[in-house]
Amino acid sequence: MTFNGNWKVDRNDNYDKFMEQMGVNMVKRKLAAHDNLKITIEQNGDKFHVKESSNFRTLEIDFTLGVNFEYSLADGTEVSGSWTLEGDTLKGIFTRKDNGKQLTTTRIVQGDELIQSYSYDGVDAKRIFKRA
């Protein structure tokens with residue numbers, strides 16, 4: 001299971017602009033840029049357990065590929081959607097409850113890096129994690 005392991009954020013690409021497009025205020029964006037996010041992923045077949053730990057919160061999520069679930073982003077934005085596995089890429093398509101806009105997130109492992117990409121309302125960003 002390629003995604004299994006502990007991952008620590010290493011760097012961001014266009015993440016501030018993405019958060020701004022998502023409607024996150026400047027104070028929260030500045031804090032999020034230095035959130036020291038760690039992700040632990042455990043995959044068992046089509047079931048995933050993900051633990052996200054940052055300076056601000058710890059959250060555990062269980063989901064099954066292809067099954068819709070609800071989730072609250074770090075800034076409190078409520079979304080619903082599902083993850084699918086397309087080849088080596090974990091792809092999440094979520095709809096914001098407040099405005100109906102779509103957020104797409106992908107995760108792919110390349111070497112010792114987990115690349116988490118985001119696309120929302122015309123803005124793309126990445127967070128790159130290293131194995132911890």
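With which side chain does the side chain of R96 make a polar contact? The partner is the side chain of D98, at 2.7 Å. Keep in mind as we go that this is a predicted model.

Let's stay with R96 for a moment. This arginine sits in strand β7, which spans residues 89-96. Leaving aside neighbours within four places in sequence, R96 is in contact with M22, T77, E78, V79, K101 and Y120.

F18 belongs to the largest nonpolar core, a set of 32 residues, where F18, I41 and F63 have the most contacts. Helix α1 (residues 15-22) supplies the largest share of this core, with four residues.

Now turn to strand β6, residues 78-86, where you will find S82. This serine is buried, with a relative accessible area of 14%. Beyond four places in sequence, S82 touches G66, V67, N68 and F69, as well as K91, G92, I93 and F94.

Finally, take a look at the surface. V27, L31 and F56 form a nonpolar patch there, with about 300 Å² of accessible area together. F56 is found in the loop between β3 (47-53) and β4 (58-64), and with a relative accessible area of 48% it is partly exposed.

How values were computed: Residues are numbered from 1 along each chain as its sequence is written. This is a predicted model: local features need pLDDT of at least 70, side-chain atom pairs count only at pLDDT 80 or more; totals for chains, interfaces and linings use all residues. Side-chain values use heavy atoms; hydrogens and water are left out. Helices (H or I, at least four residues) and strands (E, at least two) are DSSP runs, numbered from the N terminus. Buried means under 20% relative accessible area, exposed over 50%, partly exposed in between (1.4 Å probe, protein chains only). Contact means heavy atoms within 4.5 Å. Patches are made of residues with over 30% relative accessible area and no salt bridge: like charges are joined within 9 Å, nonpolar side chains (Val, Leu, Ile, Met, Phe, Trp, Tyr) within 5 Å. Accessible areas come from the Shrake-Rupley method with a 1.4 Å probe; for residues, only the protein chains shown count as cover. A salt bridge is a side-chain nitrogen of Lys or Arg within 4 Å of a carboxyl oxygen of Asp or Glu. A nonpolar core is a set of buried Ala, Val, Leu, Ile, Met, Phe, Trp, Tyr and Cys residues joined through side-chain atoms within 4.5 Å. A polar contact is a pair of N or O atoms within 3.5 Å; within protein, one must be able to donate a hydrogen and the other to accept it, and residues adjacent in sequence count only if both atoms are side-chain atoms.
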